[in-house]
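Please prepare a short briefing on the structure shown below, covering its sheet, its ring contacts and its backbone details.

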Amino acid sequence: MIELDGSQGEGGGQILRTSLALSVATGQPVAIEKIRAGRAKPGLMRQHLACVNAAAQISGAQVEGAELGSQSLRFVPGPVRAGEYRFAIASAGSCMLVLQTVLPPLLLAGAPSHLHLSGGTHNPMAPPFHFLERAFAPLVRRLGADLQLVLRRCGFYPAGGGEVEAAIVPAADGLRPFDLMGRGALLSSHAECLAPGLARHIAVRELETLGKAMGWSGEQLRTAAARQNEGPGNALLATLAHEHVTEVFTAFGEKSLSAEQVAHGLVKELREFQKSQAAVGPHLADQLALLLGLAAWQSGRGGAFTCSEVTEHTRTNCAVIERFLPVRYAIAQSPGAATVTVAPAGSAAR
């Protein structure tokens, strides 16, 4: 039984999701105490329970403590089972976080899986659909597996109701790690605004403000198609397609923010990334660390990438992964970028 302190490091839901994913992937039981202890509403919330239940469903796990507000969880998995699954979050909790939980073990299953996910698709504090589709899924394919995502309906806080389908195909010969040390030349860049159920001028102002700051115009500024009954909601997205990687950055509208403030917040994030020489931004770094850890474990070979910022979130994630997998992470900071290396435990760091 691996025992974890859920309040360690960043202390959020990522500790729970990574632990569940790797417990199922490796067959190791896990006990977590002080789950989200430092948060305003500590313990398991609906979206965390959805992750626990989804992980249990794909592995026939025995679970204790899976209830709202619980700060303790005991999870004993069975073997991961590929198949067709439906995972729903009744509230606007992020169904993308549920995908994040079950994807790693299903990438190691013996057959393809098909998932129907419902809940929030574009949530603050969670990877939105377009980030997973454009930035994350290509990296899964680069490992030798396949992940195809289809957005059937957007879901915003607080209404939810989003629908996503995910097709997962494990790598035929196991996951293969890779190095992603630079982003390469910029091939294209564009922004789009999702604002269903809101006045049209909001999207226009957000795009105009961003376009003026970034020097983008015409086809680079797009109002995304969305049905009015998918709202109200507001997500402003910027996609940077480079030679070796695509990055997606998102800013969410709030009642307390003007359209111009939303756009300026996204511009700041874009400029921070452009200023660095790194391959990926801080959010993609978090996701890539887990993928490369799994690949290093399966293949016995290491991998590395550069990122614009190593957050406490990423450091905590790496520490949790090391508890489950016989791999070690090394983080080296330099002026233009940080380098994250993962290698099988005991092998020489590169």
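In what order do the 4 strands of the open sheet lie? The order is β11-β10-β12-β13, with mixed pairing; two strands pair if DSSP finds at least two bridges between them, and helices (H or I, at least four residues) and strands (E, at least two) are DSSP runs numbered from the N terminus. This is a predicted model, in which local features need pLDDT of at least 70 and side-chain atom pairs count only at pLDDT 80 or more, whereas totals for chains, interfaces and linings use all residues. Residues are numbered from 1 along each chain as its sequence is written, and side-chain values use heavy atoms, leaving out hydrogens and water.

**Sheet and helix**

- The edge strands, each pairing on one side only, are β11 (221-223) and β13 (246-252).
- Neighbouring strands of this sheet are turned by 20° against each other on average, direction ignored.
- Strand β12 (residues 235-242) runs antiparallel to β13 and is joined to β13 by 7 bridges, and A235 has F252 in β13 as its bridge partner.
- Helix α4 (residues 129-142) lies across β10 (186-194), β12 and β13, and runs at about 170° to β13; axes are lines fitted to C-alpha atoms, for helices over the stretch in contact (heavy atoms within 4.5 Å), and angles run from 0 to 180 degrees between N-to-C directions.

**Aromatic rings and charges**

- The structure holds 2 aromatic pairs, where rings of Phe, Tyr and Trp (its six-membered ring) pair if their centres lie within 6.5 Å, and planes under 30 degrees apart count as stacked, over 60 as edge-to-face and the rest as tilted.
- The rings of Y85 and F87 are stacked, because their centres are 5.7 Å apart and their planes stand at 10°.
- The rings of F249 and F273 have centres 5.2 Å apart and planes at 50°, so this pair is tilted; since F249 lies in strand β13 and F273 in helix α6 (residues 259-275), the pair ties together parts that are 24 residues apart in sequence.
- The charged end of R183 sits over the ring of F273, 3.9 Å from its centre, the criterion being NZ of Lys or CZ of Arg within 6 Å of the ring centre and within 35 degrees of the ring normal.

**Backbone details**

- The peptide bond from Y157 to P158 is cis, with omega near 5°, and P158 lies in the loop between β7 (146-153) and β8 (162-169).
- K34, although not a glycine, has a positive phi of about 55°, and K34 lies in the loop between β2 (30-33) and α2 (46-57).
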